[in-house]
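The model is predicted.

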Amino acid sequence: MMVLEFVHPAILVLAAALLVAVLPRRIGHAVGVLATATVVVLAWTMSTGTYLDVTLFGQFDAVLYNVDDFSRLMALIFGFIGAVAVLYSYASDADSTQTAYALTYVGTSLGAVYAGDWLTMIFFWELMAVFSTLLVWHYGGVAVRAGFRYAVLHGIGGSLLLAAIVWHYAEVGAVAFEAHPGIASGVPAALAALGIGVNVGFVGLHAWLPDTYPRPHIAASVFLCVYTTKTGVYGMFRAFPEGHLWIAYMGGAMAVFGAFTALLQSDMRRLLSYHIQSQVGYMVAGVGLGGAAIGYGGPDTYYDALATAGAFGHVFNHILYKALLFMTVGVIIYRTGKENLDDIGGLGVRMPLTAITFTIAALSIAGFPGFNGFVSKGMIIGAAHKKHLDALWYLLLLGGVGTFLSFIKLGYFAFIEGSYDGAVKDANTGQSVALVSVAGLCVLFGLVPNLLFDLLPFQGEYEYTTFTVSHIGEGVALAAAGLVGFAILRGPLHHVGRVPDIDALYNRVFFYGGRVLVVGVTELYAAVDRAAVGLVRTCYWAGSNPVQATQRTTAWLPESVRPVENPEIEPPSRLSLRAGIGTSVLILAGVLTVVLFVLI
């Protein structure tokens with residue numbers, strides 16, 4: 001075990017990615033499953049406090065590998081779902097190159113969550129953006145342009161976070177997390193919030209998510225739905241361990257906006273993508289509600305610990321049920337070739353395993369009693385209520401109603417109403433193993449919440465009873481509201497088209513603005529080029545014809561200062577005076593020298 005303490009999980013997965021790219025497909029995917037499963041073992045067995053520190057450039061004390069309660073939890077779920085996603089990729093006909101890109105994405109995400117300082121985190125943060133972009137691009141077609149937009153937005157977000165880190169270092173004098181509680185306040189904190197806000201999908205910074213995740217291969221979407229946004233939540237906690245009320249309310253806005261915008265979607269993966277934003281909103285709200293989290297010098301309060309633990313519990317649970325949702329929808333697309341709810345229907349009878357596991361995932365994300373989302377979502381909502389933040393509490397409840405509505409819609413139109421005309425089969429063996437294993441955990445953590453509590457940070461610092469009458473009643477009431485709402489809105493929801501988002505505006509602004517900029521710069525260059533060429537030609541002519549040049553120049557002078565012509569002298573047009581090549585070069589050089597002197 002002492003040897004394993006020096007094996008960074010990120011290096012292990014990145015090495016596996018290289019092997020997957022060159023080995024035969026079956027063996028390569030087996031190596032990928034083994035590597036990601038080993039990450040789970042390492043996360044479970046490594047002692048808290050294990051770290052690997054180095055000095056970068058002789059100045060920065062960097063911690064490349066830091067094991068604490070937060071990084072351990074993230075690595076556990078990242079490793080497990082990575083193994084399941086590799087298996088699903090193999091069963092869904094993903095090629096080895098795509099899976100290799102996916103594993104580099106997993107490895108860099110692990111590097112970010114195991115980082116113990118800001119420099120290491122931003123290094124892996126940016127690599128994570130690079131490899132996730134390659135994962136999208138690999139599919140080709142419509143995924144390419146979406147990948148470009150994805151890359152641009154994450155480049156902007158990463159640059160903002162890097163600027164925050166530089167400013168933080170200028171103020172604090174260190175980059176290690178333990179040197180200062182979070183990012184320095186003021187401008188660094190604002191820059192960090194915006195930069196990380198791109199990754200987590202702040203309202204207004206979120207459009208890359210539903211634009212990108214429905215585009216690539218179905219197996220790529222399973223990886224994408226897990227790592228970027230949840231690494232963002234982890235980064236948000238590291239930046240704001242003492243929480244912030246503004247962040248909490250942004251989380252509430254994300255929960256409502258994402259849920260009700262999802263309700264208007266007919267593209268299945270686009271609907272699920274908006275619900276990533278919605279569910280991450282609960283996590284962001286939990287981080288914001290965390291007050292002064294324990295261990296960072298602030299007030300050690302019961303509800304602060306509850307909110308922060310709830311946020312990370314929801315990260316854990318969300319990764320399970322959201323990956324399961326993308327896998328079940330992926331099976332539908334794999335078997336039918338259809339992405340839109342209008343093109344399918346009545347699949348429940350012919351795809352029973354997919355329908356059952358989808359239902360488990362839907363009840364989990366909606367927070368119905370007995371499923372894992374009920375546990376962690378309840379912790380966050382309960383903390384908001386106990387802190388008497390009623391507006392935030394209502395936002396989080398409203399987001400729950402929207403979630404029930406959305407997944408009743410998706411399940412009803414995919415599995416119950418209508419009839420798909422084509423031949424269709426249920427999930428194959430590999431897909432079935434992936435679906436059942438994750439669905440089982442969604443039920444297990446929902447029925448035995450203490451298993452989840454044992455994994456969360458701040459053990460012993462709070463007490464939370466999951467199955468109370470009021471909490472169960474709240475979950476059932478949200479479900480009832482969703483059912484009633486769907487019964488009223490079923491007709492319009494079935495026929496709603498694609499609803500434009502904010503990217504419909506800024507894509508056009510950037511496209512036409514960029515076009516104007518390119519054309520403007522090109523035309524300006526052409527004008528300068530024409531002027532320069534004209535000046536050279538004029539100077540050359542003047543050097544070859546000095547008398548005519550002088551005559552033309554003096555023609556512009558007032559008559560009072562114009563030279564008097566002598567009639568006895570032959571007119572210039574009949575003079576044979578012409579300069580030789582040497583004289584012309586000398587005069588041209590002199591004129592150009594004068595011109596350059598005037599310009600400078």
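## Val233 and its surroundings

Val233 belongs to helix 9. Its relative accessible area is 0%, so Val233 counts as buried. Beyond the neighbours within four places in sequence, Val233 is in contact with Val200, Val280, Met283, Val287 and Val315.

Val233 can also be placed relative to Asn199. The two are 34 residues apart in sequence, and their C-alpha atoms are 8.2 Å apart in space. Asn199 is one of the buried residues of helix 7, and so is Val200, the residue already named as a contact of Val233.

## Helix 7

Helix 7 covers residues 187–200, 14 residues in total. From first C-alpha to last it reaches 20 Å, close to the 20 Å expected at 1.5 Å a residue.

How much of helix 7 is covered? The helix is mostly covered, with 11 of its 14 residues buried. The buried residues are Pro188, Ala189, Leu191, Ala192, Ala193, Gly195, Ile196, Gly197, Val198, Asn199 and Val200. They pack against helix 5 (118–137), helix 6, helix 8, helix 9, helix 10 (245–262) and helix 11. Just after the helix, Gly201 takes a positive phi of about 85 degrees.

## Salt bridges

The count of salt bridges is five. One of them joins the side chains of Arg238 and Asp68, with an N to O distance of 2.6 Å. This pair links distant parts of the chain, 170 residues apart. Arg238 is in helix 9 (residues 218–239), while Asp68 is in the loop between strand 2 (60–66) and helix 3 (69–91). Both Arg238 and Asp68 are buried.

Another salt bridge is formed by Asp211 and Arg149, whose closest N and O atoms are 2.8 Å apart. Asp211 is in helix 8 (residues 208–212) and Arg149 is in helix 6 (residues 142–172), so this pair also links distant parts of the chain, 62 residues apart. Asp211 has 4% relative accessibility and is therefore classed as buried. Arg149, at 24%, is partly exposed, because the buried class ends under 20%. Arg149 and Asp211 are linked with Arg215 in a network of salt bridges.

A further salt bridge connects the side chains of Glu339 and Arg269, at 2.8 Å from N to O. Glu339 lies in the loop between helix 12 (302–336) and helix 13 (352–366), and Arg269 lies in helix 11 (residues 268–289), so the pair ties together parts that are 70 residues apart in sequence. Which of the two partners is buried, and which is partly exposed? Arg269 is buried, at 3% relative accessibility. Glu339 counts as partly exposed, at 24%.

## Aromatic rings

How many aromatic pairs does the structure hold? There are 22 of them.

Phe70, Phe237, Phe312 and Phe458 form one aromatic cluster. A charge also sits over a ring: the charged end of Lys377 is over the ring of Tyr282, 4.8 Å from its centre.

Phe458, a member of the aromatic cluster, has a positive phi of about 65 degrees although it is not a glycine. Phe458 is in the loop between helix 17 (450–453) and helix 18. Its relative accessibility is 10%, so Phe458 is buried.

Asp93 is not a glycine either, and its phi is positive at about 70 degrees. Asp93 is found in the loop between helix 3 and helix 4 (96–113).

Technical notes: Residues are numbered from 1 along each chain as its sequence is written. This is a predicted model: local features need pLDDT of at least 70, side-chain atom pairs count only at pLDDT 80 or more; totals for chains, interfaces and linings use all residues. Side-chain values use heavy atoms; hydrogens and water are left out. A salt bridge is a side-chain nitrogen of Lys or Arg within 4 Å of a carboxyl oxygen of Asp or Glu. Helices (H or I, at least four residues) and strands (E, at least two) are DSSP runs, numbered from the N terminus. Buried means under 20% relative accessible area, exposed over 50%, partly exposed in between (1.4 Å probe, protein chains only). The expected span of a helix is 1.5 Å times one less than its number of residues. Contact means heavy atoms within 4.5 Å. Rings of Phe, Tyr and Trp (its six-membered ring) pair if their centres lie within 6.5 Å; planes under 30 degrees apart count as stacked, over 60 as edge-to-face and the rest as tilted. A charge sits over a ring if NZ of Lys or CZ of Arg is within 6 Å of the ring centre and within 35 degrees of the ring normal.
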